[in-house]
Amino acid sequence: MSLPVRAQTALQAFSACPGWEQRARLLMQWGDQLTPLSDAERCEANRVQGCESQVWLLAEHDGAHWQFRAGSDARLLRGLLALLLARVNDLPASELAQLDLPDWFTQLGLARHLSPSRSNGLQAVLTRMQHLLDANDQGAARH
Amino acid sequence: MSLISPWRADFPGIQALAAEGQTYLDSAATAQKPQAMLDALLGYYAGGAANVHRAQHLPGERATRAFEATREKAARWLNAPDAQQIIFTRSATETFNLLAYGLEQSFQPGDEIVISALEHHANLLPWQQLALRRQLKLVVLPLDQHGLINLVQAAQLIGPRTRLLAVSQLSNVLGCWQPLDPLLALAKAQGALTVVDGTQGVVHGRQDMQALGCDFYICSSHKLYGPDGVGLLYGRPQALEQLAHWQFGGEMLLHTDYSNASFRNAPLGFEAGTPPIASVIALGSSLDYLSSLDANAVSAHEAALHAELITGLQQRQGLRLLGTPTVALASFVVDGVHHADIAHLLTEQGIAVRAGHHCAMPLLQGLGLSGAIRVSLGLYNDGGDLQRFFSALDQALELLQ
């Protein structure tokens with residue numbers, strides 16, 4: 001399965017990461033690179049429910065590929081979102097459906113952020129992403 | 001000199017967490033347990049389990065005696081006149097629901113239930129939903145700048161339509177004792193029932209039901225160094241008589257045929273089904289343990305720890321305390337830094353504190369905050385725990401600011 005270039009960069013950086021401070025700095029750097037969402041996009045409809053921090057997730061489909069955009073008011077979560085997007089964006093839809101995202105965060109040494117504890121937003125983001133994909137599949141099946 | 005807890009060694013959980021590199025400062029969520037409680041839990045199961053209040057056989061009699069002994073101990077702990085005034089439930093939350101359903105028939109449309117702005121969701125939602133079911137008005141008492149219920153406004157808001165006042169003794173977010181005496185007096189002057197949420201308060205110092213004079217007092221075992229799965233309800237006899245039965249099933253009845261039934265009075269009439277037997281018995285051991293401690297020494301230790309916590313927090317640039325915490329815990333935010341980011345970096349450094357809305361969403365909204373960090377203390381915490389917390393907080397803020 002193909003690893004997008006951004007994902008390869010992330011994997012190299014995070015797997016070489018010696019400690020929590022360096023990891024936090026990297027996460028913040030990645031978060032700073034997220035394309036900011038507009039005020040209109042930071043709306044209730046795009047809001048990911050179940051996060052204690054505010055998180056928004058948008059999905060666009062051009063026929064062959066999914067493009068996701070995301071934002072949060074919490075910096076480190078923005079970093080986690082950037083790492084998620086680096087893995088999923090630009091993939092063919094068929095590959096995206098096969099993707100093991102928890103494994104992706106495990107490879108990055110960030111598996112703990114997928115804990116079922118409710119204060120963590122990342123699990124809710126993955127669930128929301130899956131819902132968006134499923135809704136599109138059902139929409140396509142109806143046409 | 002660093003503060004030492006002479007009781008830390010009695011709590012295997014706090015030591016195990018420390019050995020794992022975890023500094024536990026979240027006792028307001030749930031407390032670690034003394035060895036005596038763990039022994040009781042194992043002792044009950046290993047010695048032979050049996051159901052209570054049912055069988056005449058020896059294991060059943062032994063379990064029932066131990067179970068009822070905890071009722072006596074809980075009554076003594078709360079200075080309740082009679083053990084029959086203590087009802088065991090499965091959580092404090094269930095206890096609030098018991099009251100909201102058990103008292104439902106006492107309300108007429110237009111009656112008022114008064115709570116305060118700082119209530120935990122457990123002391124908000126059962127009343128809010130009752131108000132919606134019965135067309136009642138839910139009145140919310142505002143707070144002053146320190147986080148105390150505003151007595152001037154309370155005197156105006158508690159009125160002739162007030163049928164019930166339900167307030168927290170000690171806020172799980174703001175960490176200050178509420179002015180219960182004047183509040184209860186205001187409610188009683190209107191003939192209203194009084195409910196006190198003692199979930200946090202019962203953990204910090206001895207509470208005296210006879211001195212407090214409320215109709216109902218609610219607390220939970222797991223915050224009081226006991227097992228989870230047990231809530232407690234104390235009620236004055238006249239108040240308990242007003243409760244309608246709400247959960248139906250085994251052992252809460254006197255007689256039944258297929259069409260009709262008659263039910264027991266409190267407490268057993270409100271303990272339908274098999275209760276959390278092992279947990280109730282083990283709670284008795286936690287209470288024995290707590291009773292064996294020098295209460296003044298515990299209070300002095302907790303006060304010294306809390307003072308050190310507040311002093312340290314106040315020294316941090318840009319840090320803002322929520323209200324004026326005086327006991328047990330402190331919640332804070334840091335200007336320009338998201339609470340989730342602080343929580344993230346404290347977690348990375350093995351500091352177990354709570355972040356978020358603390359089950360008090362409307363309170364946080366009222367303060368204009370999406371969340372806060374809460375540090376809460378148990379009697380086993382020591383100065384070293386606070387030093388590790390502050391050092392981690394400084395590192396986190398250095399990265400984030």
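Mentor: Happy to! Keep in mind that this is a predicted model. Let us start with two helices of chain B, α2(B) and α10(B), whose crossing is right-handed. The contact draws on B:Ala36, B:Met37, B:Asp39, B:Ala40, B:Leu41, B:Tyr44 and B:Tyr45 from α2(B). Facing them from α10(B) are B:Ala278, B:Ile281, B:Ala282, B:Ser285, B:Ser286, B:Asp288 and B:Tyr289. Sorted by class, the residues of this contact are 10 nonpolar, 2 polar and 2 charged.

Now for the geometry. Two packed helices are described by the angle between their axes and the distance between the axes. Here α2, residues 35–47 of chain B, and α10, residues 277–292 of chain B, have axes that come within 8 Å and cross at roughly 150 degrees. Because angles over 145 degrees count as roughly antiparallel, α2(B) is roughly antiparallel to α10(B).

One residue of that contact leads us further in.

Leaving out neighbours within four places in sequence, B:Val195 is in contact with B:Leu99, B:Leu164, B:Leu165, B:Ala166, B:Cys214, B:Asp215, B:Phe216 and B:Ile218.

For a contrast, look at B:Ala244, in the loop between α9 (237–240) and β9 (253–256) of chain B. B:Ala244 is partly exposed, because 13 other C-beta atoms lie within 10 Å. Setting aside residues up to four places away in sequence, B:Ala244 touches B:Gly102 and B:Gln105. The C-alpha atoms of B:Ala244 and B:Asn97 are separated by 12 Å, although these residues are 147 residues apart along the chain.

Finally, see where the two chains meet. The contact takes 13 residues from chain B and 12 residues from chain A. On the side of chain B, α12 (339–348) and β14 (354–356) are the elements giving two or more residues, and α12(B) gives the most, with 6 residues. That side of chain B has 5 nonpolar, 6 polar and 2 charged residues.

Key. Residues numbered from 1 in each chain as written. Chains lettered and ligands numbered in written order. Predicted model: local features only at pLDDT ≥ 70, side-chain atom pairs only at ≥ 80, totals over all residues. Axes fitted to C-alpha atoms, helices over the stretch in contact; angles between N-to-C directions. Helix = DSSP H or I, 4+ residues; strand = E, 2+ residues; numbered from the N terminus. Parallel < 35°, antiparallel > 145°, perpendicular 65-115°, else oblique. Left-handed = near helix turned anticlockwise from the far one by under 90°. Contact = placed C-beta atoms within 7 Å. Nonpolar A, V, L, I, M, F, W, Y, C, P; charged D, E, K, R; others polar. Buried ≥ 20, exposed ≤ 12 C-beta atoms within 10 Å, placed from the backbone.
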